[in-house]
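Reader: Could you walk me through this one? I'd like to go through it piece by piece.

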Amino acid sequence: MTDKDQNTNQEQLQEEPEIIYIPDEEGNEEEFEVIMKFEVDDSDKKYMMVVPVDADEESDEVYAFRYEEDGDDLQLYTIEDEEEWNIVEETFNTLMDEYDDEEEESSK
């Protein structure tokens, strides 16, 4: 990931929250806030991390999806491959660590 991509991700974290609606098993749409979007190195796949909007503050529920954009349409895909999931989780944790480090630096 380049510095430019990281800056874009950090800008996204500071802007108005992006809200998406994802249907559950019964077809009821649930509201989620997109907390991060990123691409994995050596891949053209894009991922987003979302949290339920109506979850309690103590909830650590974060959901990851692979996504594709087609104009204004957004297609979400669950990550079922364990190897792919490990890559996404590692990338997410790395980005969050970098974000936390920058937050600490800016608060000094």
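Author: A word on terms to begin with: helices (H or I, at least four residues) and strands (E, at least two) are DSSP runs, numbered from the N terminus. This is a predicted model, in which local features need pLDDT of at least 70 and side-chain atom pairs count only at pLDDT 80 or more, while totals for chains, interfaces and linings use all residues. Residues are numbered from 1 along each chain as its sequence is written, and side-chain values use heavy atoms, with hydrogens and water left out.

Reader: How many helices and strands does the protein come to, and in what order do the elements run?

Author: The secondary structure comes to 2 helices and 5 strands, and from the N terminus on the elements run α-β-β-β-β-β-α.

Reader: Which way do E1 and E2 run?

Author: Strand E1 (residues 18-23) and E2 run antiparallel and are joined by 6 bridges, where two strands pair if DSSP finds at least two bridges between them. Ile-20 has Phe-32 in E2 as its bridge partner. The two strands form a hairpin with 5 residues between them, and Gly-27 in the turn has a positive phi of about 90°.

Reader: And in what sense do E2 and E3 pair?

Author: Strand E2 (residues 29-39) pairs with E3 in the antiparallel sense, over 7 bridges. Phe-32 stands opposite Pro-52 in E3, and Glu-33 has Val-51 in E3 as its bridge partner. Here, too, there is a hairpin, with 6 residues between E2 and E3, and Asp-42 in the turn has a positive phi of about 60°.

Reader: What about E3 and E4?

Author: E3 and strand E4 (residues 63-70) pair in the antiparallel sense over 5 bridges, with Val-50 standing opposite Tyr-63 in E4.

Reader: Why is E3 described as largely enclosed?

Author: Buried means under 20% relative accessible area, exposed over 50%, and partly exposed in between (1.4 Å probe, protein chains only). Strand E3 (residues 46-52) has 6 of its 7 residues buried, so it is largely enclosed by the rest of the structure. For the protein as a whole, buried residues make up 27% of the 108 residues.

Reader: Changing topic, how many salt bridges does the count come to?

Author: Taking a salt bridge as a side-chain nitrogen of Lys or Arg within 4 Å of a carboxyl oxygen of Asp or Glu, the count comes to 4. One of the pairs is Lys-46 with Glu-69, whose side chains meet at 3.7 Å, N to O. This pair links distant parts of the chain, since Lys-46 is in strand E3 and Glu-69 is in strand E4, 23 residues apart.

Reader: Are Lys-46 and Glu-69 buried or partly exposed?

Author: Lys-46 counts as partly exposed because its relative accessibility is 28%, and Glu-69 is partly exposed as well, with a relative accessible area of 46%.

Reader: Which residues are linked in a network of salt bridges?

Author: Arg-66, Glu-68 and Glu-84 are linked in such a network. Glu-68 forms a salt bridge with Arg-66, the closest N and O atoms being 3.6 Å apart, and Glu-84 forms one with Arg-66, where the closest N and O atoms are 3.6 Å apart. The pair of Glu-84 in helix H2 and Arg-66 in strand E4 links distant parts of the chain, 18 residues apart.

Reader: Last topic, then: which residues form the nonpolar patch on the surface?

Author: Patches are made of residues with over 30% relative accessible area and no salt bridge, like charges being joined within 9 Å and nonpolar side chains (Val, Leu, Ile, Met, Phe, Trp, Tyr) within 5 Å. Accessible areas come from the Shrake-Rupley method with a 1.4 Å probe, and for residues only the protein chains shown count as cover. The nonpolar patch is formed by Ile-19, Tyr-21 and Val-53, with about 260 Å² of accessible area together. Val-53 is found in the loop between E3 and E4, and is partly exposed, with a relative accessible area of 38%.
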